[in-house]
Amino acid sequence: MNNQESTGELLAFLLKGERQGAANVVNGLLESGEEVQHIYEMVIKPAMYRVGEMWEEGEISVATEHLASAIVETILGQLYYKVISKSGSRNRTVVVSTVENESHQIGAKMVSDVFELHGWNSHFLGANTPVDELFKYIEMAKPDMLSLSMSIDSHLESLERAIVKVREKYPDLVILIGGQGLNKNGGEVMLRYSGVLYFRDLGSFENFLLQS
């Protein structure tokens, strides 16, 4: 079964609310030798992007979108044993969060897991972290890097507010940004600020980690 077929099968189970079926798709890919990050990028991500598109177009209800997200979050939790079993020494720290008012955290969680796969100590703050609370946490954790996710383009103001506040106090802290909400203008946002890097997919993000 190729990636497109796996994505279609996963999507069908998500829309029907069949958690076991969805988990079986992912487990089958693992058993066939697929890496966790490949499953994230090539199967789970496109399935969830399609769920989001269907919700925006009125093809599915909010409840169905929430159900699909909940199933995927459960699957990510079950996959975490694969992440920690392959992670190396944790000598660098990253704070990973969504922007304020952003309720979708699956993309950020996948980024957090990829950081850990590459030996980072990832502090995953989850969804809807207020800018002031994010700033306080950065002051406490003193990370080597910050990663912010945004899945809806209307949250761009929240993203830029976070970047500006962090940059004022920590001019040298590298900030990574990504998420479906930045697909149209992520590159433009990156160019407006120093030390901000935009990644459209997990593959390019992982290549960056391998070189850093």
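Predicted model: local features only at pLDDT ≥ 70, side-chain atom pairs only at ≥ 80, totals over all residues.
The protein contains nine helices and five strands. Read from the N terminus, these elements follow the order α-α-α-α-β-α-β-α-β-α-β-α-β-α. The radius of gyration is 17 Å, close to the 17 Å that the globule rule gives for 212 residues, so the protein is as compact as a globular protein of that length. Along the principal axes, the C-alpha trace spans about 45 × 40 × 25 Å.

Domain 1 contributes 18 residues to the contact, and domain 2 contributes 17 residues.

The size of an interface is often given as the accessible area lost when the parts come together. Between domain 1 and domain 2 the buried area is about 1,500 Å², and carbon and sulfur atoms account for 60% of this area. On the side of domain 1, the residues that lose the most area to domain 2 are Gln37, Tyr40 and Tyr49, which together give 33% of what that side buries.

Seven residue pairs, with both residues at pLDDT 80 or more, are in polar contact between domain 1 and domain 2. The number of salt bridges between the two domains is zero.

Two helices, α3 (36-56) and α4 (62-86), each supply at least two residues of the side of domain 1 that touches domain 2. Helix α4 provides the largest share of that side, with ten residues. By residue class, the side of domain 1 that touches domain 2 consists of nine nonpolar, two polar and seven charged residues.

Side chains of opposite charge can pair when their charged atoms come close. In the protein, the count comes to twelve salt bridges, although the count between domain 1 and domain 2 is zero. Glu53 and Arg50 are separated by about one helical turn, because they are three residues apart in helix α3. Helix α3 is also one of the helices that supply residues to the side of domain 1 that touches domain 2.

Definitions and conventions
Residues numbered from 1 in each chain as written. Heavy atoms only, no water. Contact = heavy atoms within 4.5 Å. Buried area = accessible area lost by both parts, 1.4 Å probe. Salt bridge = Lys/Arg side-chain N within 4 Å of Asp/Glu carboxyl O. Polar contact = N/O pair within 3.5 Å; in protein donor to acceptor, adjacent residues only side chain to side chain. Helix = DSSP H or I, 4+ residues; strand = E, 2+ residues; numbered from the N terminus. Nonpolar A, V, L, I, M, F, W, Y, C, P; charged D, E, K, R; others polar. Rg over C-alpha atoms; globule rule 2.2 N^0.38 Å.
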